[in-house]
Amino acid sequence: MRKYQLLIDGQFVSAAGGQTFESVNPYTGDPVARVARGQKADVDKAVAAARKAFDEGPWPRLSGEERGRILKGIAEKIEAASADLVSLMIEESGSTYRKAKGEVWLSGKNMGYFGKLAGRETTKPIESLSKPGVSQNLIAREPIGVCAQIIPWNFPLQMAIWKLGPALAAGNTVVLKPAEETPAVAMELAKIIAESELPPGVVNVITGYGEEAGAALAEHPDVDKIAFTGSTEIGKKLMGEASHDLKRITLELGGKSANIVFADADLEMAVDGALYAAFFHSGQCCTAGTRLLLHDGIYDRFISRFTEKAKAIRLGNPGDKGTDLGPLVSKKQQERVLSYIEAGKKEGARCVLGGKAPEQPELSQGYFVEPTIFVDVDNTMTIAQEEIFGPVVSVIRFKTDEEAVRLANQSKYGLAGAIWSQDAEKAMRIARKLRAGTVWINEYHLISEKAPFGGYKQSGLGRELGEDALDEYTEIKHIHIDEIADRSKKFWYDSVVAPSPQPA
Ligand code: ADP
């Protein structure tokens, strides 16, 4: 079994309390790795190391190009370690081979992108309207400081890169807390980081439980920014924590995305797109297209084709290249998903496929749930409003464009959505009306590293990826430089405001 310690100030060390815990293979139930159970004392040390690396440098003061070169070096190391990362991710998270391979490849690519972005201009001159001609003005973007980054288990490597990439490119230092379900993947990344040219203390990695290590990190007074991806419930809690000392915060939270199929859509393409939207990674994606809105005119035809194709989805060993759908990440997650399915049945939705754990003996050790389709769902039902994070899709009927938009927006979430139609003008019009951070037209789940990603409403705050992500890791400073020749320092506005008439 693999064993890992914490990464603090460039050294691998045991937790101060000496405690450990195990991660579990969701396909077999066997242990995968034994890792340190970081707690408050370890968080304190990690934050102190990050503080020192920020205050004493050199990291925040290196040129952007130099930081970028080091990040590109990490990207190359991820690529070189990809075979091991892929197999570990399959083992620890239940990701299918295809998903794990894609994720590791994208992680290296995303880190390389932030390496390039690190070299962008961080100062911009502007002309002063108050003292034109006698002053120079500079707008500078500067790193925020120590960033606490708390990530989930569904994309254990890519979520780490989406957080580390922009934070480091901008010159911050970090304490990363991976999810308790997938600590080994994060610690393999920590090994890569420790072997890279990053100075000690710039990235510290603390494995542990959310309510222990995570909470201690979010509460720490010397943390300047919290960046979190996970449930809306914990996101709200962290925003409360951040309010005590006005920590900067970005949140990437839940979703209940509407996938809208109009009557003029290419039906086969839309069916395949809807399967991918709902069932990719067993539905464990915050962007999952879990509300399938179908136009009345194609409703029955679409459901019959969709169900037929969903029946062909192959559940199995996630390590087998032909497996489409692996287990859920944990027993807890499997139970949660099954309880939502029961709620759907109780509230009167009609389950036309799945609705339970599979019965095949070879899958009995894994935390599987069958691809599940509910039809005739009312948008107010629990299964249409709550994020389930499993392979469960709710099919909802609509008759007009206005109704489709109203239903899509009738949600506390606003992360993503999609439109399937061959009418480009209509698709664009509807896209602008959806209250969501990403809208795909005739596509799903496609995320570009250059495009900002994040949510409207309770799906989050701020953006990841793209230049916007880098902005989220900077403070803005205005520097006004007065020309020494200008000695009139008394009320400077007297010289720019038109003099008022003197009383007679
Ligand atoms: P999920 O239910 O999908 O596991 P969570 O929001 O609970 O989602 O977890 C996402 C991340 O947040 C994990 O790294 C977890 O350890 C961490 N976490 C959970 N609870 C807290 C908390 N109270 N404070 C800080 N981090 C937490």
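Helices (H or I, at least four residues) and strands (E, at least two) are DSSP runs, numbered from the N terminus. The model is predicted: local features need pLDDT of at least 70, side-chain atom pairs count only at pLDDT 80 or more, and totals for chains, interfaces and linings use all residues. Residues are numbered from 1 along each chain as its sequence is written, and side-chain values use heavy atoms, with hydrogens and water left out.

**View A. Histidine 281 and serine 282 sit in the loop between helix H9 (267-279) and strand E14 (291-295).** Phi of histidine 281 is near 55 degrees, a positive value in a residue other than glycine. Serine 282 also has phi near 55 degrees, again positive and again not in a glycine. Buried here means under 20% relative accessible area, exposed over 50%, and partly exposed in between (1.4 Å probe, protein chains only). Histidine 281 counts as buried because its relative accessibility is 7%. Serine 282 is buried too, with a relative accessible area of 2%.

**View B. A cis peptide bond joins glycine 57 and proline 58.** Omega is about 10 degrees. Proline 58 lies in the loop between helix H1 (40-55) and H2.

View C. The buried residues are Gly64, Arg67, Gly68, Ile70, Leu71, Ile74, Ala75 and Ile78. An α-helix has 3.6 residues a turn, so residues three or four places apart point the same way. On the other side of H2, Glu65, Glu76, Glu79 and Ala80 are exposed. The buried residues of H2 pack against H3, H4, H5 and helix H6 (183-195).

**View D. The largest nonpolar core has 65 residues.** Such a core is a set of buried Ala, Val, Leu, Ile, Met, Phe, Trp, Tyr and Cys residues joined through side-chain atoms within 4.5 Å. Ile78, Leu164, Leu168 and Leu198 touch the most other members. Helix H5 (residues 158-169) gives the largest share, eight residues. Domain 1 (2-121 + 145-253) and domain 2 (258-441) each supply at least three residues. Leaving aside neighbours within four places in sequence, leucine 168 is in contact (heavy atoms within 4.5 Å) with Trp59, Arg67, Leu71, Val174, Leu198, Val202 and Val203. A second, separate core of 30 residues includes Phe279, Ile303, Ile313 and Leu353.

**View E. Threonine 96 is found in the loop between helix H3 (82-93) and helix H4 (97-117).** Threonine 96 counts as buried because its relative accessibility is 9%. Beyond neighbours within four places in sequence, its contacts are Ile90, Pro318, Thr323, Asp324, Leu325 and Gly326.

**View F. Domain 1 meets domain 2.** The bounds come from an automatic or database domain assignment. The C-alpha centres of domain 1 and domain 2 lie 31 Å apart. Across the interface, 21 residues of domain 1 are in contact with 30 residues of domain 2. The two domains bury about 2,000 Å² between them, 62% of it on carbon and sulfur atoms. Buried area is the accessible area (1.4 Å probe) that two parts lose on being put together, summed over both.
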